[in-house]
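Trainee: I would like to go through the terms used for this model and see what each one rests on.

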Amino acid sequence: QTLRIAVVRGDGVGPEVVDASLPAIVAAAAVDGVAVVLTELDWGGDRQIRTGRAMPDDALDVVRRHDAILFGAIGHPDLDPAESVWSLVLPLRKGLELYANLRPVVGWEGLSTPARDGAKVDFLVVRENTEGEYSGIGGRTHRGTPLEVATEVAIHSRPAIERIARCGFGHARERGQTLTLATKSNVNRHGYGLWDEVVFAIGEREFPDVALEKMYVDALATRMVARPESLGVVLCGNLFGDILSDLGAPFAGGLGMAPSANVAPDLDVPGFFEPVHGSAPDIAGRGIANPLATVLSGAMLLRENGCPRGADALERAVAATVAEGSARTRDLGGVATTGEAGAAVLAALGDA
Ligand code: NAI
Ligand code: MG
């Protein structure tokens, strides 16, 4: 059995964290008897500067010939950040209809985080990934004049809410946790009013066994900081999910420990697995970036692609590496290089 992974290293620390992670990810797949076939794709900012395009016109066809995509980060110092994001990450997520963005936050043994001592943090942000505030619809009029106006239109459709709701409920059921719906329906009553209505209807009809609560996103932000251990699965729209998952990252040890998966549970398309962080230009090229967010994204990749034992083993190897302490990168208070941290996970995999 083989697993075909398209590898997009991207910009900044992207290549560093991907290179450090791949050996452990490939070795973990072997735990399930699966051989990994890698396709290296040079997509990203350098390609954009060289050719005018961050990825080729047939990019979607190329990735569709694979089971999954492992992605580092984009964000080139010589390019406009908005242009970078709209030239690669968003077209892939949208083009493949990867409507669910899963961002787990786990408190690792031995890492100091802002959580209270002894609090067991283990929640999952399920973010709608195709529309909402990131629809791209809008524009500017009276450019550069004192009367200039910009509009940025949020789209919330019933089918998109229904499918992400089922995904969120499914995870809450599997994890035995409460589903917390985060909206802002007291103010955005059209869009988030629809969210409340649709999610509660699906809960009643299809997931009566799953506990469901609704919170306004501002109050939820306070709760996430004050009592992160009280959260299970958080279901939200595109913008809130982006912000809440970065807000949660410190409870896992920071952005260097925050993985994510972009998936479409019921569609036959490759998932897109990436650390939550960006290209980290402030530390790029120095070999000090933490590769564990990418390793953990690799574990999510394996779990979604028929390698559950390898995924568990990889997460245990990360836990062992972090707990043991000598291979921690600078963001975790250590002195290890990116390569050393990746190698330590690979070594720990043998014992996991
Ligand atoms: P960032 O996530 O790149 O960096 C934020 C902070 O976290 C920096 O201080 C950085 O050094 C630190 N950090 C990030 N990853 C780390 C790691 N693996 N190990 C240790 N420290 C780490 O976010 P920022 O600075 O806002 O954006 C930089 C560029 O990345 C921008 O061009 C932005 O558009 C892009 N970006 C791309 C994303 C993607 O490819 N999916 C996601 C977020 C930002
Ligand atoms: Mg973000």
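Mentor: The UniProt annotation "domain: Isopropylmalate dehydrogenase-like", from an unreviewed entry, covers residues 4–345. The model is predicted: local features need pLDDT of at least 70, side-chain atom pairs count only at pLDDT 80 or more, and totals for chains, interfaces and linings use all residues. Residues are numbered from 1 along each chain as its sequence is written, and chains are lettered from A and ligands numbered from 1 in the order in which they are written.

Trainee: What does the record's annotation rest on?

Mentor: UniProt positions are given in the numbering used here, feature names are shortened, and annotations may be inferred rather than shown by experiment. For residues 4–345, the end C-alpha atoms lie 22 Å apart, and the span is 40% helix and 22% strand. Helices (H or I, at least four residues) and strands (E, at least two) are DSSP runs, numbered from the N terminus.

Trainee: What makes strand β3 (residues 68–73) largely enclosed?

Mentor: Six of its six residues are buried, so β3 is largely enclosed by the rest of the structure.

Trainee: How do you know that β3 pairs with strand β1 (residues 2–10)?

Mentor: Two strands pair if DSSP finds at least two bridges between them. β1 and β3 have five, in the parallel sense, and G10 stands opposite A73 in β3. β3 is also joined to strand β12 (residues 271–275) by three bridges, again running parallel; there A68 stands opposite G271.

Trainee: What puts a residue in the shell around ligand 1?

Mentor: Its C-beta atom, placed from the backbone, must lie within 6 Å of the molecule. Ligand 1 is surrounded by 23 residues, the closest being G75, G256, H277, G278 and N290. Helix α4 (residues 81–87) gives the most to this shell, with three residues.

Trainee: How do you know that domain 1 and domain 2 touch?

Mentor: The bounds, from an automatic or database domain assignment, are 1–98 + 263–352 for domain 1 and 114–252 for domain 2. Contact requires C-beta atoms, placed from the backbone, within 7 Å. Six residues of domain 1 are in contact with six of domain 2.

How values were computed:
Two residues are in contact if their C-beta atoms, placed from the backbone, lie within 7 Å. A residue is buried if 20 or more other C-beta atoms lie within 10 Å of its own, exposed if 12 or fewer, and partly exposed in between; C-beta atoms are placed from the backbone.
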